[in-house]
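Here's a set of exercises to work through with the model open beside you. Try each task on your own before you read the solution.

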Amino acid sequence: MKPDQPSVLPNWTDGDYHDYFGTTEMLNNFNEKYPDLVKVFSIGKSVLGKNIWCIRVTNEKNNTIKSSCLIDGCIHGSEWEGGEACLYLSEYLLINFDANKTITHILNSSEVYIIPLENPDGRQKDDRFNDNGIDLNRNFDVDFGRIRGGAIPLGKLFGRIKIPRIPFNGARNFTLLYKLFPSFPLWVTNCGRYPFSEPESQAMRDFMRELAKNDFSFYVNCHTATHSINVPWYDIVKPPFTMTEQETNLFHYVLNWVGKNTEYEPVSVLTDKGKRYYDSGTVFDWVFKEFRIPSFCFEILSTDYEPLFGEGKHDNLVHWMQTTLPFFMYLLVNIDNLRLWRTPDIQPLLPEGMPPEPLQ
Ligand SMILES: [Zn+2]
């Protein structure tokens, strides 16, 4: 290995977003350029037959037993930056391998699985839902289908007819309504007829069950835009079990770290009692329930960008990507602590100027 060097940032330009085709191209370029670090594969297909791409980033020449983790985005197709953050992190790891000690160690000792677009059909249409009109992040088997939990089960009422989307013309057109009834738009989210009714959520479930056969250590589900990092059971009505003290302590240790080291708001049941909203069937709650590993919902950007049902605002891409690095790197350097529910007290070394100053 070369002498240690400070890590460098990917050379991205504002406005350079990656849709399904751009994402496919970028992942294939990574594979070509870093054949010993990258494997690209599909975990399944969307309703319209697009591949749900996954990239595994690890030093393939090192065959020791490794911990694995999963970071994914764009389960809501209109929340582009969740997917972009996945691509940015992939590139950041790849360009710093073998130069920066921390990142070299991460890729020698862990397998970082990254799925940039969980809802490729939705991403192409800038639509929150999949092509059956289902909110994939309400389609998982945890506290499923509650009306108060943000999911009127239209699928259950009408059978398998296709409900493309509830016809609101973008979040900004009902800003007043949203201000008066903050949870109104969330009530009409369609969870599907039954848990895992959709090909995308089935593919995610099956892929994660494979990961869990080995050392699946933590999970991050990336969204936009409530400017927060959430932990289970922040958003569900009826948690399937009570967290242990050790689990509670770890989550609050992480949230405390988030509050001190990022611009994002750390959110849990305890910190956010007053303005809680309810979701049901979310993937990050399901991962904690199913695998009992640390699981997070990362809401990138700020509420000014909230896309809700599409047509969200997109700008300052590079800034927002940089804001995600501290949290991702903090989790990655603590991967073994997280897997064992030990205090994640390792501080990541970040490039100079990270995190960036918050936008004015
Ligand atoms: Zn979302």
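**Exercise 1. Work out how strand 3 and strand 5 pair: which sense, and over how many bridges?**

Solution. 
- Step 1: Strand 3 and strand 5 run in the parallel sense, with seven bridges between them. Strands here are DSSP runs of E with at least two residues, helices are runs of H or I with at least four, and both are numbered from the N terminus. Two strands count as paired if DSSP finds at least two bridges between them.
- Step 2: For a landmark, look at Cys69, which sits opposite Phe218 in strand 5.
- Step 3: Now go to the partner of strand 5 in strand 8 (residues 295–300): these two also run parallel, joined by six bridges. Asn221 faces Cys297 of strand 8 there.
- Step 4: Check the cover. Nine of the ten residues of strand 5 are buried, where buried means under 20% relative accessible area, exposed over 50%, and partly exposed in between (1.4 Å probe, protein chains only).

Two notes on the numbers before you go on. This is a predicted model, so local features need pLDDT of at least 70 and side-chain atom pairs count only at pLDDT 80 or more, while totals for chains, interfaces and linings use all residues. Residues are numbered from 1 along each chain as its sequence is written, and side-chain values use heavy atoms, with hydrogens and water left out.

**Exercise 2. Find the protein donors of the zinc ion and say where they lie.**

Solution. 
- Step 1: The donors are His76 (ND1), Glu79 (OE), Glu79 (OE) and His223 (ND1), at 2.1 to 2.4 Å from the zinc ion. A donor is an N, O or S atom within 2.8 Å of the metal (3.2 Å for Na, K and Ca); water is not among the atoms, so sites may look incomplete.
- Step 2: Along the chain, the donors follow the spacing H-x2-E-x143-H. His76 is in the loop between strand 3 (67–73) and helix 2 (80–96), and His223 is in strand 5 (residues 215–224), so this pair, 147 residues apart, links distant parts of the chain.
- Step 3: Both His76 and His223 are buried.
- Step 4: The angles at the zinc ion between the four donor atoms range from 57 to 149°, which makes the arrangement irregular. For four donors, tetrahedral would need all angles between 85 and 135 degrees; square planar for four, or octahedral for six, would need opposite donors over 155 degrees apart and all others between 65 and 115; anything else is irregular.

**Exercise 3. Describe the hairpin formed by strand 1 and strand 2.**

Solution. 
- Step 1: Strand 1 (residues 38–45) and strand 2 (residues 51–57) run antiparallel and share six bridges.
- Step 2: Lys39 has Arg56 of strand 2 as its bridge partner.
- Step 3: Five residues separate the two strands, and in the turn Gly49 has a positive phi of about 90°.

**Exercise 4. Are Val267 and Thr104 buried or exposed?**

Solution. 
- Step 1: Val267, in strand 7 (residues 265–267), has 4% relative accessibility and therefore counts as buried.
- Step 2: Thr104 belongs to helix 3, and with 4% relative accessibility Thr104 counts as buried.
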